[in-house]
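Hi,

Here is the structure I promised to pass on. Have a look at it first, and then read on for what turned up.

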Amino acid sequence: MAGSESQKFTLQEVLDSFKLCLSPHKDVYLEHYVSGWRGLVKFLNSLGSIFGFISKDAVSKIQILVNFMKGESGSEYVTVQSMVKYELNNQLVDVDKKGIYPESGCRTLLRLHRALRWLELFLDRLRTSGENDKTSVMCREAYNESLANHHPFMIRKAAGMAFLAIPGRAAFFDVMNVGPPERVVAVLGEALPLISEVYQITEELYTKHNLHDLP
Ligand SMILES: CCCCCCCC/C=C\CCCCCCCC(=O)N[C@@H](COP(=O)(O)O)[C@H](O)/C=C/CCCCCCCCCCCCC
């Protein structure tokens, strides 16, 4: 029982992680970034096995980052800023698109960063949606405006199929475990600026170092 309870998703938990993500100097703590994603994956898993291929990909990327954080150079992987600095200074990133470092922290985080933009767009649609709006449509629109631009045809097709299995708005809000719809909307309103700020800071860092096209 305790085990299954600890696997239960709450939107509040994700909100707390993103709250802790930013240092006073606006550095992004990897530990909390990763823990925010872990919470989201928990949510995805609770929606059913059709989302398994998405969850598996997110988990493998989270694990790559955790391995760096726990590895011998762990002290360089405290924030996104320190990770970028360390990997660039030590030529551990495929800046010239050679594919020698297919699992660098920078390229791995880039994939999650793009997914964070999808999340921001999706949550904003959810927050402003009406009772009769379809979650699958909101999700697809957010995906087409963000992640889809980075995915090949087959992944886009598979993602499109999975979106059809997303529960309706009321059931979706229930799984968030924060209370009635008005409370969900309020917590989303609190979560969104935090997610947006983390996204924006990472976006600017990747632009500054020309890291948006890492293979
Ligand atoms: C606050 C609660 C409400 C929202 C809950 C959302 C829960 C979402 C949880 C996790 C999202 C998954 C993040 C997926 C990361 C994808 C990273 C990526 O782009 N990977 C591709 C490229 O990687 P490399 O090959 O270059 O290493 C990879 O090819 C992707 C494979 C899987 C397909 C990804 C489709 C993503 C669709 C967007 C998520 C839809 C979730 C719908 C659930 C409502």
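At what angle do α2 and α10 pack, and how far apart are their axes? Please keep in mind that this is a predicted model. The angle is about 30°, and the axes lie 9 Å apart. Since angles under 35 degrees count as roughly parallel, α2 and α10 are therefore roughly parallel to each other. Their crossing is left-handed.

On the α2 side, the contact is made by Leu11, Gln12, Leu15, Phe18 and Lys19. From α10 come Arg183, Val184, Val187, Leu188, Glu190, Ala191, Leu194, Ile195 and Val198.

Now to α2 itself, which spans residues 11-20. Its buried residues are Leu11, Val14, Leu15, Ser17 and Phe18. They sit on the same side of α2, because the arc they cover around the axis is only 160°. Helix α10 (181-208) is part of what covers them, and so are α3 (30-46) and α6 (105-128).

One more residue for you to look at is lysine 61, in helix α4 (residues 52-70). Is lysine 61 buried or exposed? Its relative accessibility is 11%, so lysine 61 counts as buried. Leaving aside residues up to four places away in sequence, lysine 61 touches Arg107, Thr108, Arg111 and Leu112. Arginine 38 is 23 residues from lysine 61 in sequence, and their C-alpha atoms are 11 Å apart in space.

Happy browsing, and do write back with any questions!

Best wishes

Methods: Residues are numbered from 1 along each chain as its sequence is written. This is a predicted model: local features need pLDDT of at least 70, side-chain atom pairs count only at pLDDT 80 or more; totals for chains, interfaces and linings use all residues. Side-chain values use heavy atoms; hydrogens and water are left out. Buried means under 20% relative accessible area, exposed over 50%, partly exposed in between (1.4 Å probe, protein chains only). Helices (H or I, at least four residues) and strands (E, at least two) are DSSP runs, numbered from the N terminus. The arc is that of the directions from the helix axis to the C-beta atoms. Contact means heavy atoms within 4.5 Å. Axes are lines fitted to C-alpha atoms, for helices over the stretch in contact, and angles run from 0 to 180 degrees between N-to-C directions. Angles under 35 degrees count as roughly parallel, over 145 as roughly antiparallel, 65 to 115 as roughly perpendicular and the rest as oblique. A crossing is left-handed if the near helix is turned anticlockwise from the far one by less than a right angle, and right-handed if clockwise.
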